[in-house]
2 protein chains.
Amino acid sequence: MSPNTPYLELREDIATANASRMLATAAGLKVSLRPHVKTHKTVHGALIQTGGKKEGIIVSTLGEARFFAENGFDDIIYAVPVIENKIPTLLKVHASIKLFTVIVDCKQAAQVLFDAKDLPEDKPWNVQVMVDCGYGRDGVDPEAESTLDLVKALNDHKATRFMGIYTHAGHSYGAKDKCELIKIGEKERDTVVALASKIKTYLSVECGSVSVGSTPTCSVPVSNLEGVTEMHAGNYFSYDTMQMAVGSCAEADIATCVVTSVMSHNHASNFVLVDMGWTAYSLQGVQFPDLFGRILGHPELRVTKCKQECGLVSRVDGKPIDFSKYPIGMQLRVLPYHACATAAMHRSMWIPSQQKKEPIASGLWE
Amino acid sequence: MSPNTPYLELREDIATANASRMLATAAGLKVSLRPHVKTHKTVHGALIQTGGKKEGIIVSTLGEARFFAENGFDDIIYAVPVIENKIPTLLKVHASIKLFTVIVDCKQAAQVLFDAKDLPEDKPWNVQVMVDCGYGRDGVDPEAESTLDLVKALNDHKATRFMGIYTHAGHSYGAKDKCELIKIGEKERDTVVALASKIKTYLSVECGSVSVGSTPTCSVPVSNLEGVTEMHAGNYFSYDTMQMAVGSCAEADIATCVVTSVMSHNHASNFVLVDMGWTAYSLQGVQFPDLFGRILGHPELRVTKCKQECGLVSRVDGKPIDFSKYPIGMQLRVLPYHACATAAMHRSMWIPSQQKKEPIASGLWE
């Protein structure tokens with residue numbers, strides 16, 4: 001029996017198709033695919049993304065790192081710059097699996113790793129250097145001399161093993177069209193390939209991993225990734241109407257939704273009240289009325305407002321609603337504007353084929 | 001030892017002062033106070049609000065209803081219109097405590113209660129009727145004849161016990177000034193007092209409870225609540241910068257914050273990166289740069305953007321940041337724009353005086 005509404009539902013056939021397509025894209029480009037699991041944060045979803053293997057994933061919180069390690073996953077990258085107060089938890093995860101990789105983007109972060117107490121002598125940190133390819137959020141400047149110094153320090157120090165370089169073209173979300181997406185993807189690739197070559201030339205150090213990716217640049221990929229070893233992305237597992245607007249997917253590719261029930265009819269103000277508020281959907285995207293609150297099979301409707309525990313559904317054309325079409329208790333399936341944000345509001349995802357709730361590692365940071 | 005950042009922290013002395021002030025306001029107006037616990041969803045917070053009693057609260061999800069019932073609370077109102085698929089869980093909570101009250105706002109919802117199977121013969125549903133006092137979201141029209149019909153049906157049917165009427169001036173959040181707040185509070189009061197009188201006159205039925213409230217109208221209260229028995233509010237426990245803008249509180253009254261650490265310095269783009277993204281803060285209010293991301297003790301700074309797991313902190317005046325003042329690892333305390341939304345992103349709240357994490361009933365709907 002399905003859960004009480006509102007609940008997050010996985011449309012498994014779609015997620016599996018999205019995952020297969022991305023695995024095929026990576027294979028075609030002769031790189032491995034390392035899925036980011038931050039969109040769904042579930043074991044079931046991660047296995048769909050990897051094609052059934054419990055290895056080779058990226059997480060964005062220590063809570064996720066622990067969750068996946070405890071569930072038997074190995075070869076995990078924690079793709080957020082390291083700081084000192086996270087060392088005790090990082091050490092626990094590092095000790096619990098074979099290959100746990102952390103990311104640094106400055107010498108202070110490297111120093112935190114060098115100085116960590118209780119690091120096993122025979123198990124140095126595995127470290128990648130985060131590189132900025134134009135996103136401007138985090139990552140080292142690939143042109144700066146200090147970047148080579150950082151790589152050298154990581155390579156030389158006994159507490160760290162330099163594993164390679166990692167970049168994320170987060171600015172691809174702002175691309176105006178596919179042409180711009182391709183250009184961002186090329187810049188992403190060229191940035192790390194050039195840096196890997198520089199590291200080889202000046203330091204005689206190999207980058208074991210040269211990793212690029214974001215859902216938009218992986219969904220509309222460049223024609224070759226020569227010099228790159230791995231691509232990473234996460235949102236493509238579900239996609240959402242934001243990705244649809246960017247050009248990464250079609251509406252039919254969106255693999256998660258919130259199931260909600262009609263609670264009451266407001267004849268005076270011409271809306272249907274449903275039991276999905278921002279606690280179940282998030283308010284992200286509410287400023288985009290054509291992308292926020294789209295309802296499967298009901299193009300005539302949109303969720304136009306979300307309160308804490310309820311939402312207002314209106315007709316797109318503003319005409320009077322025929323309330324008899326949407327009786328109280330009727331269930332509607334709402335597509336996410338931002339799948340990561342919607343899933344983050346839930347503690348479990350309903351898997352229809354298994355008739356079970358799959359735990360989500362949301363709201364956990366350690 | 002405090003948790004890894006980011007985490008939600010309760011500033012207990014402030015919350016206790018907020019709660020005491022609201023209890024005093026209610027006492028002064030000769031009504032009881034029924035706190036809504038949806039802002040924090042914690043046992044600790046609810047006890048602060050009630051002044052130590054495990055009774056007389058309002059919840060907004062069945063998950064919260066179960067959570068508080070299981071933690072020994074009684075006299076709980078579930079203040080969201082009832083629909084059929086929630087009956088099994090409603091029945092469980094109804095059976096588990098002495099006084100559980102549900103809300104209806106139309107005859108279909110009443111019918112669902114009348115038709116419920118497995119209702120104990122000696123324990124009818126306790127029902128209040130939700131009344132619209134101008135918010136326009138849910139609630140019956142107080143002027144409509146059908147409202148009296150609904151009350152009569154609830155009063156007559158053996159499956160239900162009519163407990164009173166309930167309204168919520170949610171539109172008070174949009175008030176321009178305190179004068180408008182007072183007017184909304186007066187309308188809130190007058191609406192239910194007039195309806196209670198009408199119910200008495202036409203049906204000879206007493207409203208045991210006549211309940212009004214919202215944090216803005218309770219924080220800037222009307223001068224008398226004659227005819228009202230109870231006021232309800234929830235957000236005042238914490239307050240936030242949105243309430244500050246409405247005029248409900250001062251910045252010094254805000255009782256929750258997110259503790260975050262500086263992760264890196266971006267000299268090129270002049271921002272400090274912190275480990276608080278929208279998964280720890282929510283994106284609500286990002287369109288109000290003076291209210292979003294205010295940092296305790298650092299009026300010169302704001303969190304200007306939130307990504308999934310990190311945030312960008314900039315100077316308000318746009319001048320170059322003196323990064324030496326905000327070293328990597330430094331902790332900052334960020335005030336919520338919307339306390340309910342920020343708390344909903346967490347599974348626990350850190351209570352400094354007890355050095356413990358208090359569970360939050362977030363992300364639970366059944």
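Student: What is the relative accessible area of Lys356(A), and does that make the residue buried, partly exposed or exposed?

Tutor: Lys356(A) has a relative accessible area of 36% and is partly exposed; buried means under 20%, exposed over 50% and partly exposed in between, with a 1.4 Å probe and protein chains only. The model is predicted, so local features need pLDDT of at least 70 and side-chain atom pairs count only at pLDDT 80 or more, while totals for chains, interfaces and linings use all residues. Residues are numbered from 1 along each chain as its sequence is written, chains are lettered from A and ligands numbered from 1 in the order in which they are written, and side-chain values use heavy atoms, with hydrogens and water left out.

Lys356(A) forms a salt bridge with Glu358(A), and their closest N and O atoms are 3.3 Å apart. The term denotes a side-chain nitrogen of Lys or Arg within 4 Å of a carboxyl oxygen of Asp or Glu. Glu358(A), with a relative accessible area of 5%, is buried.

Over all chains, the structure holds 36 salt bridges. One of them pairs Asp275(A) with Lys86(B), with 2.4 Å between the closest N and O atoms. Asp275(A) lies in the loop between strand S11 (271-274) and helix H10 (278-281) of chain A, and Lys86(B) in the loop between strand S4 (74-81) and helix H4 (87-96) of chain B, so this pair joins two chains. Helices (H or I, at least four residues) and strands (E, at least two) are DSSP runs, numbered from the N terminus. Asp275(A) is buried at a relative accessible area of 3%, and Lys86(B) is buried at 3% relative accessibility.

Within chain B, the side chains of Asp253(B) and Arg21(B) meet in a salt bridge of 3.9 Å, N to O. Asp253(B) is in the loop between helix H9 (241-246) and strand S10 (256-266), and Arg21(B) is in helix H1 (residues 12-28), so the pair ties together parts that are 232 residues apart in sequence. Arg21(B) is partly exposed, at 39% relative accessibility. Elsewhere, salt bridges with shared partners join Glu251(A), Asp290(A), Arg294(A) and Arg302(A) into one network.

Thr61(A) is buried, with a relative accessible area of 3%. Apart from neighbours within four places in sequence, Thr61(A) is in contact (heavy atoms within 4.5 Å) with Tyr78(A), Leu364(A), Trp365(A) and Glu309(B). The C-alpha atoms of Thr61(A) and Val80(A) are 7.6 Å apart, although 19 residues separate the two along the chain.

Finally, the backbone deserves attention. A cis peptide bond, with omega near -5 degrees, links Thr5(A) to Pro6(A), and Pro6(A) lies in the segment before strand S1 (7-10) of chain A. In chain B, the bond from Thr5(B) to Pro6(B) is cis, with omega near -5 degrees. Lys41(A), a residue other than glycine, has a positive phi near 55 degrees. Lys41(A) sits in the loop between strand S2 (32-35) and helix H2 (43-50) of chain A and is buried at 4%. Asp118(B) has a positive phi near 70 degrees, but Asp118(B) is exposed, at 72% relative accessibility.
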